Amino acid sequence: MEFGPSGDASTANKSAYQVGKAGKWPMRHDSVLVKTLEYVKLRFRADNPARVEVDWKISRILISRDGRKPWNAIGVNGAQPVKPIHVTQGDVLALNVHNELDEPTSLHFQGLLQNGTSYMDGSGMVTECGIPPGDSFTYVIDTKDQVGTYSIQGHINFQYADGLRGLFIIHEKHKPAAEYDEELIMTFEDWTADEFMPRMEVFKTIKTYMLPQNYPNGLINGIDGNKTEAIKLTPGKRYRLRLASLSMTFWFTFRIPGHKLHIIEADGVDTEPYEVDSMDIGPTQRYSVLLTALDTDEFNYVYDVSMYANFIIKAPVINPHNYQGLVEYREGAPIKNVPHLSEEEMVWPDDTKLVPVSKQSLLSADMSLKFKEGGHGTGYGITYFGMGNASYEPALVPALFSAFSMGDLALDSRIYGPQVEAHVLPHLKVVELDLHNPSMRDHLFILHGHSFQIVEFGPSGNATAENKPVWPVRRPSKWPMRRDTVVVRTYEYVKIRFRADNPGVWLLSEGVLTHFYKGVGITFIEAPDVLQQRQALPEELKQMCLKQGIKASGNGAGNEGYDLTGLPPAIYLDE
């Protein structure tokens, strides 16, 4: 709300009113008095959105979710697993967070674009400093522009790995793109019975991936993968099955022998139905599939889940680790033994075959940036990874705060510090990212703030020297798929494109947390000049920094201009 002068007050022998604007929390009324020679500006949502209030108290809790020793995981409201949040498109979620940890915390909403609210992205030391211990903060999420399956992740000190993770589902306000009778959810998690950061003190000193001593168990719907409740089906009904990975490191496959699955959503983007025999779901990826129940309840069936990581040494029973569960048509019915197809015979998800319901022509790139994962660097006795010139590490001031406060210098990537690997993207330009993985590890990349077009896959590096397959070049049909995650296999590249229409600061990060921990990340500073004009950094976020002794303005070191004094030296990468 804003009041101010209107017309020529002097001719009427009146004093001109001063402009007055509402503070952080504008008052809401159903009537307003406008005085003579005065104007008022009012704002309202034409669709009268519902406000959904959810309270989260985040704390450490002693718990065992897989039957092994209890440990101090992170819980929400004293419990694990974290309950999914359900809203309807157009609702405004107010997630009231109280931090009862002894360290800061923040929440990232995986897959939400946050267009116009970049400061709500929740990326620790990128878009905020985190909620100090004992403090509270409310994340306000407007869902008017998106539907689908998303996740919420603890983003400071990799708290996601310690259990601060859950689903966020935005249901269609009107008729969904695909018709179904009922909806089911299956979540997949890797669960290691100790805290992530102490475990990484050992991991960060190594280059190779050996079998970890404390190998994770697979959780399905929050409990041990072999103890999950049955999937109960009614003959002839059609089900939407949301398959969501809340994993930090491992991939999961899922199949129901004797049944076909049809993909209808990937990372919040509705797709035309695509038939597969089995799903392959990387860390943080989300899908919806249609599952049509058979016409008879004569038999029950068994579903198969496999948890694996191809960058860790294979070991019988452990990697991959296999789980099974019951698909129940009728209690007590015999289980039908269905012949298993080989992995080569099965149809798997393929991003070049998925077609979005809301079609978008292939974007023509205005600029291209090439990044190669696999470089190594050393510093402080630690081995680092990366995909640019330096191993990623946040600066001393969140990059978004620098983008807001540095004026015209915000357009110069140098002011953010070399370790954040900053790249400035001009407003509305179409950006192509050429991501190469000439290594023996699969990688999964996540882009905040955008759903990108998947344009092309192809071979990268010298695969034959490592006795690895040389991948063919693969491109989508006329209508490229859009999503916020993409898997790049060993010795493969992918090209993705997006339009820089979302001013803010956005991470391109590795979805495998152990890789992100070791420095695989890039920072995109998107249209900072437009950001400064259109958005304002909430004062509450600034105070959260100052309470922790962190500067809330300035360059990456909290200084003026190009003075980066005080910023730890970057770890530059070799080949």
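Biologist: What makes both faces of strand β8 count as covered?

Modeller: On one side of β8 (residues 107-110) sit Leu 107 and Phe 109, on the other His 108 and Gln 110, and all of them are buried. Buried means under 20% relative accessible area, exposed over 50%, and partly exposed in between, with a 1.4 Å probe and protein chains only. A strand here is a DSSP run of E, at least two residues, numbered from the N terminus. This is a predicted model, where local features need pLDDT of at least 70, side-chain atom pairs count only at pLDDT 80 or more, and totals for chains, interfaces and linings use all residues. Residues are numbered from 1 along each chain as its sequence is written, and side-chain values use heavy atoms, leaving out hydrogens and water.

Biologist: How do you know that β8 pairs with β10?

Modeller: Pairing takes at least two bridges found by DSSP. Four bridges join β8 to β10 (residues 148-154), running antiparallel, so they count as paired. Leu 107, for one, has Gly 154 as its bridge partner in β10.

Biologist: What does Ser 451 contact, leaving aside neighbours within four places in sequence?

Modeller: Leu 113, Val 269, Arg 482 and Arg 483, with contact meaning heavy atoms within 4.5 Å.
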